[in-house]
Amino acid sequence: LLPQAVASPDLKLQLHSRRALLLQRVGLAREAAEEYRNAISGSNSTSIDLWYEAGDAHLHGGSLGIAARLFKTGFRLSQDCTPCVEGMATALYGTGHVLESLNHFRFVAMKEPSKPLSRSNLAAALGKIAMDVDERFLARAQQAYLTLMGQSQRNGDAMSKLLMLSGQLCSWTVVEQYFDTLRAIIREQIADGEKPALSPFNSLLLPLDAMEVKEIHRAHARHQNLTVTFPNDWSLLPSPSTILRVGFVSADIRDHPVGRDLKVILKALRSRRVET
């Protein structure tokens, strides 16, 4: 069919779309994205499903910028395509455009107020902005998570974020209200071999005992699947006279407690053997 597809745009669109759909079903997101790219190349299709599926394949394949544009095209074709808006917001959030994604997540939450995922996405966007961009969003983020807790009272991930935001706002009554429940959820997750909802860093901010904090750290470590490899040829290692060049990359290096703590380490590395 490929030679005929070259001469027939409709056949080309149909052929590549079907191949993409099959690739998606077997979990080959990148290959599916490439097929969708071939399908829509030069196409004026008004099929909302096509633009959504193409955006979804690129989203799962890691091409977030392209995914956002594809979802946007689908939404332009139909203002009722809520999945397109949700996909566009997710892609924008993933590329760091959190403020821009916020309005889209709010739109989806208004369209589907009873859907926990839409509420969860909105709360996550508000929380990200509140913690990283503008602390004036803290109260709105807290309220978003409280609303989410009303829909799903055993959501450990949402509960841990709620407690972190409430701590920033000094809302200790909220912390006291949910702390024991979160503690029980984390214990269950660790006992079942699951990844705890509370991060290792945030576990230090709650009134957990030392053993609980250690178990949370260990549980997260088990889920990292870190592999340490050693060189086969030890002669390739730098000699004692070689100057090591070490680079540190993190969003927390500047005005952040982690960055301030790193100053001592950076000063200690300034020697004849290390260049930072």
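Predicted model: local features only at pLDDT ≥ 70, side-chain atom pairs only at ≥ 80, totals over all residues.
**The whole chain**

Start with everything in view. The protein has 14 helices and two strands. Of its 276 residues, 36% are buried. Now consider how the chain meets itself. Among contacts with a separation of 6 or more, 46% join residues 24 or more positions apart. A search of the whole structure turns up nine salt bridges. Several of them are stops below.

**Helix α10**

Select residues 156–168 for α10. The helix has 13 residues and spans 19 Å from first C-alpha to last, close to the expected 18 Å. Begin at its N-terminal end. Which residue caps it? N155 does, with a side-chain oxygen 3.3 Å from the backbone nitrogen of D157.

Next, colour the buried residues of α10. Among them are A158, M159, L162, L163 and L165. Their cover includes α8 (116–132), α9, α11 and α12 (200–203). Just after the helix, stop at C170, where phi is positive at about 60 degrees.

**Helix α11**

Move on to residues 172–191. This is α11, with 20 residues. From first C-alpha to last it reaches 28 Å, close to the 28 Å expected. Where is the helix kinked? The kink is centred on Y178 and is about 40 degrees.

Y178 is also buried, as are V174, V175, F179, L182, I185, I186, Q189 and I190. Show α9 (138–151), α10 and α13 (210–222) as well; the buried residues of α11 pack against these helices. Beyond the end of α11, select G193. Its phi is positive too, at about 75 degrees.

**From α11 to α13**

Pick R183 and E212. They form a salt bridge, the closest N and O atoms being 2.9 Å apart. The pair links distant parts of the chain: R183 is in α11 and E212 is in α13, 29 residues apart. E212 is buried, with a relative accessible area of 13%.

Continue along α13 to E215 and R218. Their side chains meet in a salt bridge at 3.8 Å, N to O. The two are three residues apart in α13, so about one helical turn separates them. E215 is partly exposed at 27% relative accessibility. R218 is partly exposed as well, at 45%.

Select E86, E112 and K115 together. A network of salt bridges links these three.

Is D56 buried or exposed? It is buried, yet D56 has no salt bridge. Side chains of opposite charge can pair when their charged atoms come close. For D56, the nearest side chain of opposite charge is K115, 11 Å away.

Leaving aside neighbours within four places in sequence, D56 is in contact with Q24 and F71.

Notes
Residues numbered from 1 in each chain as written. Heavy atoms only, no water. Helix = DSSP H or I, 4+ residues; strand = E, 2+ residues; numbered from the N terminus. Expected span 1.5 Å × (residues − 1). Bend = angle between axes of the 7 residues up to and from the residue. Buried < 20%, exposed > 50% of the residue type's maximum accessible area, 1.4 Å probe, protein only. Contact = heavy atoms within 4.5 Å. Lys, Arg positive; Asp, Glu negative; His and termini not counted. Salt bridge = Lys/Arg side-chain N within 4 Å of Asp/Glu carboxyl O. Polar contact = N/O pair within 3.5 Å; in protein donor to acceptor, adjacent residues only side chain to side chain.
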